[in-house]
Amino acid sequence: MKFDSVIIGGGLAGLVCGIKLSQQGHRCVIISSGQSALHFLSGSFDLLNRLPDGTPVDHPLTAVKELIKMEPEHPYTKLGEIRFEELVAEAEQFFSGIGIELAGSATRNHFRVTPMGTLKRTWLTLADFVTCENDIQLPWKQLTIFNPAGFLDFYPHFVADEFRKLGATCEVHEFNLPDLDILRRNPSELRSTNIARILDKPDNREHLCRILIRESSGTDAILLPACLGLDQPDTVRIIEERVGKPVYLIPTIPPSIAGIGMQQFLRNTFQKLGGVYMMGDHVMNADIENHRVKRVYSYNHGDIPFEANHFVLATGSYFSRGLTATRDRVYEPVFNLNVSYLKERQEWYTGNIFDAQAYQQFGVSTSLDFQAVTGDTLLSNLYVGGAILEGFNPIKEGSGGGVSILTALDIAGKILKDQSVWNCSI
């Protein structure tokens, strides 16, 4: 099977890269092993929330200068200040261009609500989610939180307590619907995905709207856990129009409806553009000739290779097995690429779970153009992007989404500049 580009990994970086390439007429295939970290999305994409020394960041476009001084191997450092700013603007246009409505801008971080009700800096947030401009005051004075009775992946009273600290009056109401009782027979079934499939049905949605109208008198805004909108993405807007008040979502403990919905939307967008998405498969090995990857072989397709002019490795970090850790080393399992990590295992982590852990910055080493390296050999047509990269701490910095999106767009741009793309067909 021949393609212009083969993308290994179907998470955020792989999908963004594949969509941009497909928009320009490239014949792309994404080989995805399964669930990606997108399924844990809390409704926002972070760009840069803190510098590596812990300094909070309000203005990412300004703070990146300091980051570059601190972290020479950081993906943003490899991009450079000018390219970073260009890609940030491109990313914001990219999402609006494919129909994803996001609030926020890189000119200034805003704050979004966590599942526990605290406020966290971020870059872009899905439009249906609660956001505010600062962490000292909410935009509303009176709020009402509604929660499905028995739903254990959301803690409305914790959220309400945090909102009261910010000066808002916050009430909590539980609600029930007959169809939810079916799930309630088995507590393990009362999960956000199953609840969403019930609440998205028109009859149940109308029943919910009547409850919201009856129980929200005097409130400025209605808040719901993010357990609706899976099959009907405009559910929140429909409820808002019916109730006549602002309605917003608060993220829950994973699985994340927002993340699953984002994954489905990006995948559908890619496929509508002509991209081929192979789910439940993973690349086993590759043929490399003259410092270039010629073809890769997957588990499901055996000795039938995937051939292309360009390859992109976006398999994520430990969670999605883009990186594998043993007791004495960390390695990349497909191409055996160079990985940066500390040789002494006791240096990988500290005893305090809240500290910045060294292993979180381990990752694949690349050239400044994100080209892969194995031993002393630069693989000129194999690019590496997203969470698998070395030199950044996505949790402590709040940079995971930004690294995935910006490196994916940058790599796609480099591939598009290469004029030696062959015509191909399956």
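Entry 1, the strands. I found that β5 and β6 pair in the antiparallel sense over four bridges; strands are DSSP runs of E of at least two residues, helices runs of H or I of at least four, numbered from the N terminus, and two strands pair if DSSP finds at least two bridges between them. This is a predicted model, where local features need pLDDT of at least 70 and side-chain atom pairs count only at pLDDT 80 or more, while totals for chains, interfaces and linings use all residues. Residues are numbered from 1 along each chain as its sequence is written, and side-chain values use heavy atoms, with hydrogens and water left out.

Within this pairing I saw His110 opposite Thr122 in β6. I then traced an open sheet of three strands, in the order β6-β5-β8 and with antiparallel pairing. Because β6 and β8 (131–132) stand at the edges with a single partner strand each, one side of each has no neighbour in the sheet.

I located Met116 in the loop between β5 (110–113) and β6 (119–122). Met116 counts as partly exposed because its relative accessibility is 34%, where buried means under 20% relative accessible area, exposed over 50% and partly exposed in between (1.4 Å probe, protein chains only).
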